[in-house]
Every structure is written in structure tokens, then in C-alpha cells.
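Here is a friendly walk through a model, meant to be read with the structure open beside you.

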Protein chains: 4
Amino acid sequence: MCRWLAYSGDPIPIESLVFRRKHSLIDQSLHAQLGATTTNGDGFGLGWYGDGDDPGIYRSVHPAWNDRNLRELAAHVSSRLFFAHIRASTGTPVQETNSHPFRFGRWLFMHNGLVREFPRVKRDLLLAVDPALISSIEGSTDSELLFYLTLTFGLEDDPVAALERMAGFVEELGERHGIEHPLQMSVAVTDGERIIAARYSSEGQSRSLFFSTDARALKQLYPDIEELQQLSDEARAIVSEPLGDLPGAWNVVPESHIGIVQPGQDELRPFNPRRE
Amino acid sequence: MCRWLAYSGDPIPIESLVFRRKHSLIDQSLHAQLGATTTNGDGFGLGWYGDGDDPGIYRSVHPAWNDRNLRELAAHVSSRLFFAHIRASTGTPVQETNSHPFRFGRWLFMHNGLVREFPRVKRDLLLAVDPALISSIEGSTDSELLFYLTLTFGLEDDPVAALERMAGFVEELGERHGIEHPLQMSVAVTDGERIIAARYSSEGQSRSLFFSTDARALKQLYPDIEELQQLSDEARAIVSEPLGDLPGAWNVVPESHIGIVQPGQDELRPFNPRRE
Amino acid sequence: MCRWLAYSGDPIPIESLVFRRKHSLIDQSLHAQLGATTTNGDGFGLGWYGDGDDPGIYRSVHPAWNDRNLRELAAHVSSRLFFAHIRASTGTPVQETNSHPFRFGRWLFMHNGLVREFPRVKRDLLLAVDPALISSIEGSTDSELLFYLTLTFGLEDDPVAALERMAGFVEELGERHGIEHPLQMSVAVTDGERIIAARYSSEGQSRSLFFSTDARALKQLYPDIEELQQLSDEARAIVSEPLGDLPGAWNVVPESHIGIVQPGQDELRPFNPRRE
Amino acid sequence: MCRWLAYSGDPIPIESLVFRRKHSLIDQSLHAQLGATTTNGDGFGLGWYGDGDDPGIYRSVHPAWNDRNLRELAAHVSSRLFFAHIRASTGTPVQETNSHPFRFGRWLFMHNGLVREFPRVKRDLLLAVDPALISSIEGSTDSELLFYLTLTFGLEDDPVAALERMAGFVEELGERHGIEHPLQMSVAVTDGERIIAARYSSEGQSRSLFFSTDARALKQLYPDIEELQQLSDEARAIVSEPLGDLPGAWNVVPESHIGIVQPGQDELRPFNPRRE
């Protein structure tokens, strides 16, 4: 179990979402309210886009709440699109290569959830990864394998279809092994332009996921809140848990849905795992 | 806020108290019940006595719950007297030199609590330390300074008096600075032969502290519990929180008291801070 | 490039070989003389046998030369058979799961060398591992895969044959990929009773490896050296580099040979990779 | 013994000096040529100025050569003024609070060298620090104390005088303790506008220090080197060791001198320790 957030909009200091909210990601590292575990202390990671195409990543094995380097980076780096993730291991080691987000080229990926009975299906998951990609896998988590499967299934060409094919493959494989409810996920990917985030689980009871209300509407709704007025019109956040309790600010991603935050109109549509 | 335990008796694997109980120290690192904080994830430490006079120490900046090296050591090292401590920082950095127990020669020291408004009194505390000892201080915590003050006040000659003089000094210094309730502590020291543990706070509401019932009595009380029957007659544990809920197994250390676990009869007596 | 040592004999403090020699393993971490790199600062590991069958392991990402926990453990833990290893990464991440020795049940394995063009053959190496073992692989090194291949090829039944089959497989696979000199290794395995150590490379120029002279002979040769007189008759060390420059104390393992340190007569014989 | 570099000029990616030179700081972490030790693997640190007045810092206990986060930051953060430092401990623990640069408000400080017989004079150095500053000291190095002494002696008002008073105080104190050659340093401070760097030692044989040739002159000298042509006219670097071997590019800071890199004309003048 983990918690994550994604932001897209005009550049803001990373700390403004990771630290400076009532129920910020850092607060969630100690006191998650909607998760399966209240403590998310098994490492964390940041991925952010700056001037170039490729994102930077900073990943650590320490709990986020007392990591001074995280505090420094979040205060001194601004970004127009960033991912932040705090980890609660479901069994794999606490090491930087197991911290999210994972990166491939200009893509980032992060995940909350699990592949059930991962040790039983790990080999088959590995075999399904494009052989040209397999040596790029550095960690040992189910999450990183989901990323490489999604890459294998065409992430760079059609992210929604690739995520649906990935989910379909994991479910089909799980069924073959007689595993109940093989997949549980709230997941996000980005190429630095769009954020694609899905909420899905085989049992139909997925990890929580929320998206922020359109910034224009929020600014109209709360003309007196300075912080909101500073948001750019296109600003949008997707989060495991709301960062505060402002009425009207956060909307649940419906069960089995996928959202796309992009220049122009954002989208929200059903998520349907696809089998070959 | 922290949690700790101390054991004395026939050699047992360290894991038998640190890992293998229903409410073991590891469980307390995630779910402390009696402490000011529920999460104690800011590093941990072990100190243990083997064949020689001087104890070994192992200290880490990682949370105890997922540290594999701690699990290995605890499973493969047995000891007749050991200290274990999990830390929740009250502000000072998470670094090995700030993890308890602290060691000087054959002495170990660990502490749960704080010196209130430590930054204001830190210089005066430092000045009160024996100049010959000051360069041995390696970390930046209030706790380590309490240890060096206790050494300065004669720990090696009369541990109870030294602890009482240390507490008296801290309270007097705090009063001079106009600080309410300067000292809060449950504290333990050992020379490898005796364990001396005190529960004291200026406000008379000290951090929780418990000692185990005499092993002979426990074995008589529960003739069917295999684990208890294996305890040596002299086995004794002192803990921040009971390691389980067996009726009759754990006894609270009364407010403002100090206990001495030693060969022969153990002792429990009032703790009275002494001023010069 | 790495450096390692293995010891078998009466229990001795681990520090006596890891720290207390003129050219100890710690000295080699900063100033290796016979290796491809002079600095071995990318983590280290210890594996040791105590009372039980299963060894303990302690692995770290820090350089060995300044790791205080290593110094503590080495001083306070004695063992009748232990492995120690300092790492110089050939590309894979510095993380505990990539530090040697690797463990499976009561077996330990450590390696100096590399599989050439590892990224190109990694998938095929993975596929050759017994599917029942694959989910036990935790790191991302070539070395750990060599261990799991050796387990797959029967390490627990016939260690020498399993190592030879492993080497044969890696060479055959490398040839299929057109890789020159696929395998370079000095390697050691143990079950807690025997140490089996091999020096082999496809190019016939293997990493250095030495074994200590029979302790009875050494004691006779140097009746005045106290330290040697304390060695048990069966004491034997195998090392990447001699720990000192005492004439007659260290013997080179010949190119393409494998040695077995065991109760009774030790053995040294040619190492012949086997192909299926 | 350590190595460091400081840069001031138009914003450049930090990696361009820390990683991308023939004899970059990273190369010096493994193969320092002019230092007392060839390996500088006991942690490192970065301090950089961005939009605001206060610098960010990133400090680590890992060797710089294989730290992935350092590589990420250096590639994705650009700065108009930054400090980078790789540490070789002279005895104090490897921990983030002992890594340079140290920060106070908008000031950064880093140091190569040592206070001789530091344990003997540590208490007196502490006592000389402004009592209002003492609780801001977080680590245990001689270097950090030199910084707080310099602050005490007026760094924020007159940096050159403050450094000279600091050096005078340390020498006078050392003499009182009968210590030969009390101070050895190459040191740099900055407020984000100016860099002040001094080379001084009591014995008159100070650690190496170099400054880059005026960028305008360099560009004229080498019209065909693309990299140099991209430098801004005001660009200047100060380094423990030259980052390459381009004739005319690097100039030694003379023994007992202090340099000031600032908007307008830079300065270089004798450094004279002052006693009260």
C-alpha cells in the first residue's frame, strides 16, 4: 500500500503539494486515512519535468517525513509536471530501485496496489516483457513489472490501450494460476505532456483516487482563497487522498475508470482490461 | 518519543523479545499504544553484552520494521544482557550517532522523553559536561547529553545518585531559564552487570515503564506455557510497553521510581532529583 | 571487481581477518593491489555460521572502511566459518540485495568477476533458472544469477559439478551471442561445512585467488608468532589477496582450479566447465 | 582531506562541472591527484542558489561516484552559483550533518583541511561560538565549528575580516594547547552574491587551490572550443584541483591568499590571521 500524487499546470514548487497542505503527502506518510496501511515509511520518490524532455528522479529508502534532502528539493525545485510517491512495501525490499516513480526514456510510472501472489506469477510476468526491455528492469517489485508490461503493450503509442492490455494480461495470467482477484491498482503514467491515471481492481474495490476540480471553477468558487487564485487555469492534481477538506475541491475517480489530463479538454472514461 | 526494552538473564536470542512477541518492539515501531506518537520510525539501536566486558552496538537510521540487518542480528546473536531502542525524533536529525543506546566504555544508556526547550539550554548542558568527556559526544540529541551529564555526575561510582544529580541539574537549569517541566524521561543504564532504570518527569506524568514479574513466579503461574518455562530464574525485562497481555506478567514502574536489576535481589525505590 | 575472503576453523572473531591484518580486507577496500580497481567502496557483506544450520548475513551499501556497524559486528561476533566481501560495482546499483554473500537456505555464495555483456544475456540466464527458485532472486547482479544457476544445476547435491555446469552454461550461452570470454570469476560457496572455491575465466586469466598454508605447517614454520600459534590445526582461509606478506603463508590457486576446504583432507583439482 | 569546487556565472547545469570534465569532481572522488588521500568517499554535498535568496542543499553519506540521486540532481538543476564538496573524513562520523557545505541563512561554507588535535580543543572552540548560534550546530566536525566561529566573528558584515579573525583565534587557541600547526584549510564561503575563498595553513603549506582564468580571456585564447565559448563573461570556478589540463585555464591561489569572486572586478589579496 502506498500513496501518490501527480500535478500538471504552471510550474509550482514541489513542496506546495508535497508539504504545505493540511493533509499533504508527507502527512499521509504518517497518517494515511483511506489506505490499507496508515504508515507509508518504506521509501519515497519524486519525478519531475523541467526544461528538457527527460524527467529527473529522486528516490530514497528513508521515510519521507524526516528526509531533509526531500524537503530541500521540494522547496528549491519547481516543475510544470511532477509525480510524488510514498511507499509501504508489500514484501519486496526497501531499496531505491523499488521506489516509485519508475522511468523509461521520457516516461514515468507509479502505482498503488499489488499483483496478488506475485511470487507465483513473477516468472511469467518477466517472460511477457519485451526481451529488449528486460535488462532495464532494476528492482524487484510487481509495480515495476507492470510498467514494463505496459511498455511492452504499446505505452508509447497508445497509453490507454496499453494499460488495458496490461491489466487484461495480468488478470488472465492470474486466472490461469487460480488466483482470486489478481490485480489491484491505482496507477499513473506520463510522458511529460499528458498524465494518464487509472483506478481498477479485479474485485471492483479499488484503491482510492481523486482528481482536483477544474482550476477555473475552483477560483470562482473561492475568490477569497489566495492560494487557489494563484493556480493556473490548467492546473490539475490527481491524488490517492484529498490534500485537504475544502468542499468541492476533490472528486472521486469512479471505480474502473481512467482519466487523461492533457492540454485542452481532460477526459474520464471507463477502464476495460483487454485480453489478447 | 521512543520505545525501548532491556533484558537481563540467561542468554537468549535477541529476536525473542524484539520480534517474536505479540506486541514486540517491532510491532511498537508501527503501532505504539502508550506513547505520545504511534510511529517510531526514526532509526533504532541495539546494544548487547557477549564474552567480553564491552558491549557491541548496532545503530541504524532506518525504521526497525523493515530493516533486514536487524532481523539477521536479532536472530543470530544471543545475549545475557541487551538494550533495544526505537526512535521517534523530537527534532534532531535522524543519524546513527543520534540512535540509542549510547556507549561509553562498558556502559550503555538509552532514553525515552526529552529535555524541554532543548535548544535554549543546550549550551549550558554542554558546559556542565566534564571537559575530558566532551569530545566523546558524537551526536546532537538531548538524550546523549543526559548520558554525559550522568557520567560527569559519577555514573561509574554510584549510578542511582548520578542519575538523581543529573535530573536535579536539568531541572534547576530549566527553572533558571523559566522552562516549565524541564525533564521528561524513562531511562536505562547498564554496566553489563546491573540494569538501572528510572521513570521520572518534572510534571509527575512520566512516560510509561514496566518490569516483568519474577521469572520463578511466572513459571509457577503458567506451568503450561513452554516459552515461560524456558526462562532462567533471574530473567527480567524492563519495557516501555508490555510485550503481550498475559495477566500478571507485567508491572508498572510507579511514578518517580528507580529500579535496579542485579544478581541477587532486585530493588525498586523512589527517585529523588538532587540539586548541588 | 571485488575482493573477498572465506575462513573455516575454530571460532575466531571476524575482525581478526577483516580488520586486524596489515593488508586486511578493509585495507583492500581502499587499496587493493591485485584487482582491476583499487577502490572497492560499493557496499560489502558478511555471512557467518553460528550455532544453528543457517548463516546470518549483514549487508550494507556503505564503503566498508568507515562503516561502524561492520566494525562492531566484526569485533563482537565470532564464527567457525564466515565469508566477507567488498564490492566494486560493474554497473548494477549499489543496494543491499546486490551485496554478497547471497544466501539460499544454509548456502552462501560470493563472487569476484563478471558475466561479460550481462544485459544482452540476462534474460536467457533468468530463463535457465529453476522456475521454483526465480522469485527468490532479490537483486539485479550477474553474480546472484550465477548463484541461482548453480543451485539449478545441483549445488546442494554436488557442488563441484554444479559450478562446472554453471560455467559451461554461461560460456555456451555467451558463444551463442557471439561474446568473447563470457565468464570471469573467482567464486566461493559453502553449506556451513565445506567451502568450495573456484578460480576460472574463459580467457584463462582469472582474478587472483590464494589459500592459506596448512595451519600445522605454519605453526611449525613460525614457532614465535603468537597469532599463528593460536590458530586451530584445521584453520584455513581463502582470499582474493594475501592478508600480509609472511613468506610461505599464502599459495596461489592455479588457473582453472577448484579447491575444497572440508573436515579431513582438503582438495585442489582442475576446474572443467561442463556443457549439457 | 576533501575536494571541492565553487562556480559563479550564468546558470549552468551542475553536472557540467561535477561530472562532465576529464578530471571532474566525481573523478577526484576516486582518483584525487593533489590531495593527502586519493579516495574521497565519505559522503558529499551540493549547495546551490536558484530564484530565492536561500540556497538549497543536498547532502549524502554515500560516495559520490555511484550516487544516482546526485547524478539526477546535477543533470536536472541549473544554478548561477553553486558549491560541491566530496568528503574524506579525518575521524568524525560519516553522516549528512557532517557533509559540506554547511548553511546558515543565505550563507554556505565548505572546507578542506583540519583543525589539528581537534578533540583537545573542541570544547574551547564551542565556547567561543556566539551562544545564540550554538544550538544551530548539527554535526560534529571541526569544519562546521570553523563556520560558526566565522559567523561569530562577523561573517555577515565583513567576510574577509571574519575569516582572518577565525584563523587567528584557532591558531592562538592551538598555541595555548601547545599544538604545532593548528590550522590547515582551503575554505570557501558565499552569500549567493560573492564567493570568498582562502588558502591558508599555520605551516605555510596549504591544501591546493586554483581559480579559473577570466572567461573573456579564455574564450579569446581558445576560439575553437565550443564549451568555453558558451561560458558567460563573468563565469569563474574555484577548485581544489584543475578539472582538466588545458594550458592557461587554471591558476594557483598563492599560499596565504584570499580571493573574492564578485560582480565587477574580482580580487586576490594576502590572507593575514588576526588575533584579538
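Chains D and A meet through the same surface, because 100% of the interface residues of chain D are also interface residues in chain A; contact here means heavy atoms within 4.5 Å. This is a predicted model, in which local features need pLDDT of at least 70 and side-chain atom pairs count only at pLDDT 80 or more, while totals for chains, interfaces and linings use all residues. Residues are numbered from 1 along each chain as its sequence is written, chains are lettered from A and ligands numbered from 1 in the order in which they are written, and side-chain values use heavy atoms, with hydrogens and water left out.

**How the copies are related**

Superposition is by least squares on the C-alpha atoms of residues with pLDDT of at least 70 in both copies.

Chain B is superposed on chain D by a rotation of 180 degrees, with 0.0 Å of shift along the axis and an RMSD of 0.0 Å. Here Gln95(B) is the residue of chain B that comes closest to the axis, at 3.2 Å (C-alpha). For this pair, 100% of the interface residues of chain B are also interface residues in chain D, so the copies meet through the same surface.

**One chain on its own**

Chain A has 8 helices and 13 strands; these are DSSP runs numbered from the N terminus, with helices (H or I) of at least four residues and strands (E) of at least two. The radius of gyration of chain A is 18 Å, close to the 19 Å that the globule rule gives for 276 residues, so chain A is as compact as a globular protein of that length. That radius is taken over C-alpha atoms, and the globule rule is 2.2 Å times the number of residues to the power 0.38. Along the principal axes, the C-alpha atoms of chain A fill a box of roughly 55 × 40 × 35 Å.

**Helices that pack**

The table gives two helix pairs. Axes are lines fitted to C-alpha atoms, for helices over the stretch in contact, and angles run from 0 to 180 degrees between N-to-C directions.

| Helix pair | Angle | Axes apart |
|---|---|---|
| Helix 5 (residues 142-152) and helix 6 (residues 159-176) of chain B | about 120 degrees | 8 Å |
| Helix 4 (residues 118-128) and helix 6 (residues 159-176) of chain D | about 140 degrees | 11 Å |

In chain B, Leu146(B), Leu149(B) and Thr150(B) of helix 5 meet Ala162(B), Leu163(B), Met166(B), Phe169(B) and Val170(B) of helix 6. In chain D, Val121(D), Asp124(D), Leu125(D) and Ala128(D) of helix 4 meet Phe169(D), Val170(D) and Leu173(D) of helix 6.

**Backbone details**

A cis peptide bond, with omega about -5 degrees, joins His100(C) and Pro101(C). Pro101(C) sits in the loop between strand 4 (78-87) and strand 5 (102-104) of chain C. In chain D, the peptide bond from His100(D) to Pro101(D) is cis, with omega near -5 degrees.
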